Amino acid sequence: NVLHTQTLDSMVSGIYTLSVKCEDIAGNNAEKTTKFNVSLDTQPPIVTRAYNQNNNLIIITNENSECSFVNGLGKSNLCTFDFVNGTIMTGSELSHTTSFNSNKPYFIKCKDKFGNIPGGCSIVVQDGTL
């Protein structure tokens with residue numbers, strides 16, 4: 001068995017038909033056709049739930065993601081922070097956790113495995129209010 005791969009990195013959303021033909025050293029041919037649908041994820045994750053559990057802030061997202069946050073006492077809006085400069089929350093699927101101080105605002109951004117990040121915050125938790 002010999003494995004052959006082909007990267008198809010310029011596809012857009014849609015239905016495709018792909019035919020593959022192989023020929024071995026003896027001239028034997030094999031040909032198959034397959035049909036598949038390509039869906040592109042271009043949207044950042046959405047926070048579907050946020051709550052305080054035993055002084056831990058729990059964030060639930062609608063898709064596997066990674067979340068980071070910044071705190072900013074006295075700052076009105078820190079939603080422009082760069083994701084990599086935030087503190088990464090524990091969790092990498094749907095549930096994300098960090099210790100919670102209800103006296104501090106939490107500016108949170110979540111990104112998915114495709115790198116989709118919101119321009120602003122995914123959620124802001126301020127004055128202990130979710």
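**Close-up 1. Tyr51 of strand S3 faces a bridge partner in strand S4.** In this predicted model, Tyr51 has Ile58, a residue of S4, as its bridge partner. The two strands, S3 and S4, are antiparallel and share six bridges.

Close-up 2. S4 and S7 are joined by five bridges and run antiparallel. Here Ile58 has Thr97 of S7 as its bridge partner. S7 covers residues 95–99. What lies on its covered face, and what on its uncovered one? His96 and Thr98 make up the covered face of S7. Ser95, Thr97 and Ser99 make up the uncovered face.

**Close-up 3. The largest nonpolar core holds 13 residues.** Leu57, Ile59, Tyr106 and Ile108 have the most contacts inside this core. Strands S3 (47–53), S4 (56–61), S5 (65–71), S8 (106–112) and S9 (123–125) each give two or more residues to the core. Which strand supplies the largest share? Strand S8 does, with three residues.

**Close-up 4. Ile59 and its surroundings.** Ile59 is one of the core residues with the most contacts inside the core. Which residues does Ile59 touch, not counting those up to four places away in sequence? Val47, Arg49 and Ala50 are among them. Met89, Leu94, Ser95 and His96 also touch Ile59. Ile108, Cys110 and Ile123 complete the list. One of these contacts, Ile108, is likewise named among the core residues with the most contacts inside the core.

**Close-up 5. Four strands form an open sheet.** The strand order is S6-S5-S8-S9, and the pairing is antiparallel. S6 (87–88) and S9 are the edge strands. Each has a single partner strand, so one side of each has no neighbour in the sheet. S6 is joined to S5 by two bridges, and the pair runs antiparallel. Phe69 has Thr87 of S6 as its bridge partner.

**Close-up 6. Asn52 sits in strand S3.** Is Asn52 buried or partly exposed? Asn52 is partly exposed, with 39% relative accessible area. Asn52 and His96 are separated by 44 residues in sequence. Their C-alpha atoms are 12 Å apart in space.

**Close-up 7. Pro118 lies in the loop between S8 and S9.** Its relative accessible area is 16%, so Pro118 counts as buried; the cut-off for buried is under 20%. Which residues is Pro118 in contact with, leaving aside neighbours within four places in sequence? Pro44, Lys109 and Cys110 are the contacts of Pro118. Cys110 also touches Ile59. Tyr51 is 67 residues from Pro118 along the chain. The C-alpha atoms of Pro118 and Tyr51 are separated by 21 Å.

**Close-up 8. Leu8, Leu18 and Val20 make a nonpolar surface patch.** The area of the patch is about 230 Å². Leu8 is in the segment before strand S1 (14–23). Leu8 has 44% relative accessibility, so Leu8 counts as partly exposed.

Note on methods
Residues are numbered from 1 along each chain as its sequence is written. This is a predicted model: local features need pLDDT of at least 70, side-chain atom pairs count only at pLDDT 80 or more; totals for chains, interfaces and linings use all residues. Side-chain values use heavy atoms; hydrogens and water are left out. Patches are made of residues with over 30% relative accessible area and no salt bridge: like charges are joined within 9 Å, nonpolar side chains (Val, Leu, Ile, Met, Phe, Trp, Tyr) within 5 Å. Accessible areas come from the Shrake-Rupley method with a 1.4 Å probe; for residues, only the protein chains shown count as cover. A salt bridge is a side-chain nitrogen of Lys or Arg within 4 Å of a carboxyl oxygen of Asp or Glu. Buried means under 20% relative accessible area, exposed over 50%, partly exposed in between (1.4 Å probe, protein chains only). A nonpolar core is a set of buried Ala, Val, Leu, Ile, Met, Phe, Trp, Tyr and Cys residues joined through side-chain atoms within 4.5 Å. Contact means heavy atoms within 4.5 Å. Two strands pair if DSSP finds at least two bridges between them.
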